[in-house]
Amino acid sequence: MLDPKLIKENPQIIQEMLKARAMEFDLDGLIEYDQKRREFIIKTDELRKKKNQVALEISQKKKKGEDASLILEEMKNVSGKLSELESEQENIEKSYSRLALTIPNLVHKSVPVGADENANKEMKKWGKIPEFDFKINDHIDISENLDLVDLERAAKVAGARFYYLKNDLVRLNQSLIHYGLDFLAKKEYSLIQPPYMINRESMEGAVIADDFEEVIYKVEEEDLYMIGTSEHAMAAMHAKEIIEGKDLPLRYAGVSPCFRKEAGAHGRDQKGIFRVHQFDKIEQFVFSRPEDSWNEHEKMISVAEEFYQNLEIPYRVMLLSTGDMGKVSAKTYDIEAWMSGQNAYREIVSCSNCLDYQARRLKIRFRDKTNEETQYVHTLNSTLIATSRILVALMENGQTKDGHIKIPHALQSYMGNQKEI
């Protein structure tokens, strides 16, 4: 949600953002509803005052034993008009909120303008692309040869894009989680295991729910959604709270399974464990002062980079264009890992600064002194690791001539000092 003052006083900034994102949005309708709701607030306030005055007059007349029939009739008329106005006001507020909750976030000036991923900007590369003197396999063939994944039985019990991890791949998956948590704990992140289901109010605070309902699972006949990432539960964690300014920034490391429909994806991604309905993930989430959020954004991406350097995975950092990044984000970096079996870089990290967009929706503020005016915090999120995708990278980049998989040095102690699978 954007600042209503901005919409009222500087609509041209919103128009420029919509143009950059190449999005259609009923800005005129939003401005019109905003104006009407302000008018109705004034009208209903005036009628409430009138109602209170009439009520006082009725009370005084009754105390004096005077005839109050005329003024009682006036009270009836005022109450009727107020009821009508409040009903109209409620409808206008609903229309305003529907639009206000779907308008995208502002875009930082450094974000490249473009319609899709072709306008993304490569910021840097790290690591040497592995070279092999033998015919390489993708992770599907590798996992089948080493009995590490069972896709057929998973499809039998749950459908496409589910999987059984098996044997040492289970241990490697858990090693990634344990190492990731230890890594962020040393960076002074507070570890969080959130609820795996959240209600609609919390979901709408973190995302534009109408868009996200195509991606997430709804629990039938319950006001609950399975989380697609721990970001949403962590964003809502401090909803309707005022945080002490001295406690900022709050840095959280959320670990959870994630559940996504992944509708519309196709091709080779439908096989294997790269794009699936369920996976484990560790997410960075930060509540920041507004003046510090851009520095926090750079810190978060650097933390993710260090993690992948420790795992010896070659990657590149991409700055997403206006047409490729999410509506909630003002600026997003992706880290794309090199995956030898696919001979391509594939996305493994998304790191975004959402400014005060989520905080306004969730009513999360801070202040430094008790009598000081509150301000909205800024929220930032970044993947540290989505384990299924990193298992793919480790299998494909670490494959050996004899069909084994090399385990990165950083994970060996978590695997009982095992060096290969």
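Here is a tour of the chain, stop by stop.

**Before you click**

This is a predicted model, where local features need pLDDT of at least 70, side-chain atom pairs count only at pLDDT 80 or more, and totals for chains, interfaces and linings use all residues. Residues are numbered from 1 along each chain as its sequence is written, and side-chain values use heavy atoms, leaving out hydrogens and water.

**Stop 1: the whole chain**

Show everything as a cartoon. You'll find 14 helices and 15 strands. Both are DSSP runs numbered from the N terminus: helices are H or I with at least four residues, strands are E with at least two. Along the principal axes, the C-alpha atoms fill a box of roughly 105 × 45 × 40 Å. Of the 421 residues, 48% count as buried. Buried means under 20% relative accessible area, exposed means over 50%, and partly exposed is in between (1.4 Å probe, protein chains only).

**Stop 2: strand β11**

Select residues 331–339, which make up strand β11. How many of its residues are buried? The count is 9 of 9.

Strands of a sheet pair through backbone hydrogen bonds, either parallel or antiparallel. Here, two strands pair if DSSP finds at least two bridges between them. Strand β10 (residues 315–319) is joined to β11 by 5 bridges, running antiparallel. β12 also runs antiparallel to β11, with 9 bridges between them. Zoom in on Ala337: Tyr315 stands opposite this residue, and Ala337 also stands opposite Arg346 in β12.

Follow the chain from β11 into β12. The hairpin has 4 residues between the strands, and Asn343 takes a positive phi near 55 degrees there.

**Stop 3**

Glu347 counts as partly exposed because its relative accessibility is 34%.

**Stop 4**

Which strands make up the open sheet of 3 strands? The order is β7-β13-β14, with mixed pairing. β7 (242–244) and β14 (375–376) stand at the edges with a single partner strand each, so one side of each has no neighbour in the sheet. β7 runs parallel to β13 (residues 365–367), joined by 3 bridges. Click on Ile243 and you'll see Phe366 of β13 opposite.

Now move to the loop between β7 and β8 (250–259), where Pro249 lies. The peptide bond from Leu248 to Pro249 is cis, with omega near 0 degrees.

**Stop 5**

Most residues other than glycine have a negative phi, and most peptide bonds are trans. Select Asp147, in the loop between α5 (139–145) and β2 (149–150). Its phi is positive, near 55 degrees, and Asp147 is partly exposed at 37% relative accessible area.

Finish at Asn417, in the segment after α14 (409–412). Asn417 has a positive phi of about 65 degrees and is exposed, with a relative accessible area of 56%.
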